[in-house]
Amino acid sequence: MINTNDPEQPATPLWRNSNYLLLQVGQAISYIGSQQQFIALPLLVLALTGSPALAGAVVGFGTIAMLIVSPFAGVLADLRERKGLMIVCDLGRLALTLTIPLAWWWGVLSLPQIILVVILTGVLGTLFTVANAAAMPTVVTAEQLPTALAQTQATTTVVRTIGSLLGGTLYTLSVTLPFLVNAISFGISVLSLGATRGNFSRTLVLERTSLYQSVSAGFTWLWRQPLLRVLTLLSGGDSLRYGAGYLVILVLAQELGSSPRGIGAIF
């Protein structure tokens, strides 16, 4: 693997950087799967229970899991080999997501199972996201990093739009189809990661500290960065509002007679 952070080596253009392209393509497909399932999930809970409150609670469990796990995810991403960690996370999400259509076909799908899947996939998704973000500086040079991050954000925005429309359309065709597509997207992500070279980890000399000390050190550093501190608080609060906003629009659209495909088009 070429060390893209070696200042004495010419930087490989992003469009020729195979590791960067594999990461981008694999994660774009995976994110489409996750976004379209995000639309289908509350529709499924509403179909099972008829309760908007329960649908909102299920979405909220995923967000809460993300907020709780995030501080520890950074420590694990530094202590573990990142590529392997990301593959394990996506394999776990693939297996967990598949349990929903299987249980539906067998007539045993329940709300507790959905909640458990949402929480566990939220934990694995958070670990994956943090490891993926930490991997980016090992794939591109410091000069390329702003461009790479900007392209990632632009891709995410486009994918969010496509995924929302796709989720409503697939749910109209079959209740289980969005979950099957999401499981397949995790499989594609695993394949793309397996095709990359290297492990996306830097050799770090880490002091022997407890998990509590490591997390505390991270919070202390963050609190001393005024801009990052404010952005983190805003982002955390917006994560909670994000799911609630989706649910309100979904319920209103259903009351007005919109189909799942129409709801996807709204988003």
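Predicted model: local features only at pLDDT ≥ 70, side-chain atom pairs only at ≥ 80, totals over all residues.
## Basis of the model

Local features are given where pLDDT is at least 70 and side-chain atom pairs count only at pLDDT 80 or more, while totals for chains, interfaces and linings use all residues. Residues are numbered from 1 along each chain as its sequence is written, and side-chain values use heavy atoms, with hydrogens and water left out.

## Overall fold

The secondary structure consists of nine helices and zero strands, where helices (H or I, at least four residues) and strands (E, at least two) are DSSP runs numbered from the N terminus. The radius of gyration, taken over C-alpha atoms, is 20 Å, close to the 18 Å that the globule rule (2.2 Å times the number of residues to the power 0.38) gives for 267 residues, so the protein is as compact as a globular protein of that length. Along its principal axes the C-alpha trace spans about 60 × 40 × 35 Å.

Of the 267 residues, 38% are buried, that is, under 20% relative accessible area, with exposed meaning over 50% and partly exposed in between (1.4 Å probe, protein chains only). Among contacts (heavy atoms within 4.5 Å) between residues at least 6 apart in sequence, 83% join residues at least 24 apart.

## Nonpolar core

A nonpolar core is a set of buried Ala, Val, Leu, Ile, Met, Phe, Trp, Tyr and Cys residues joined through side-chain atoms within 4.5 Å. The largest one has 46 residues, and those with the most contacts inside it are Y20, L44, V58, I114 and V140. Two or more residues each come from α1, α2 (52-79), α3, α4, α5, α6 and α8 (226-255), and the largest share, twelve residues, is given by α4.

## Helix α6

Helix α6 (residues 177-195) has 19 residues and reaches 27 Å from its first C-alpha to its last, close to the expected 27 Å, which is 1.5 Å times one less than its number of residues. Its buried residues, including F179, F186 and L193, pack against α1 (18-49), α3 (82-105), α4 (111-139) and α5 (145-173).

## Charges over rings and single residues

A charge sits over a ring if NZ of Lys or CZ of Arg is within 6 Å of the ring centre and within 35 degrees of the ring normal. The charged end of R93 sits over the ring of F128, 5.0 Å from its centre, and R16 lies over the face of W15, at 5.9 Å from the ring centre.
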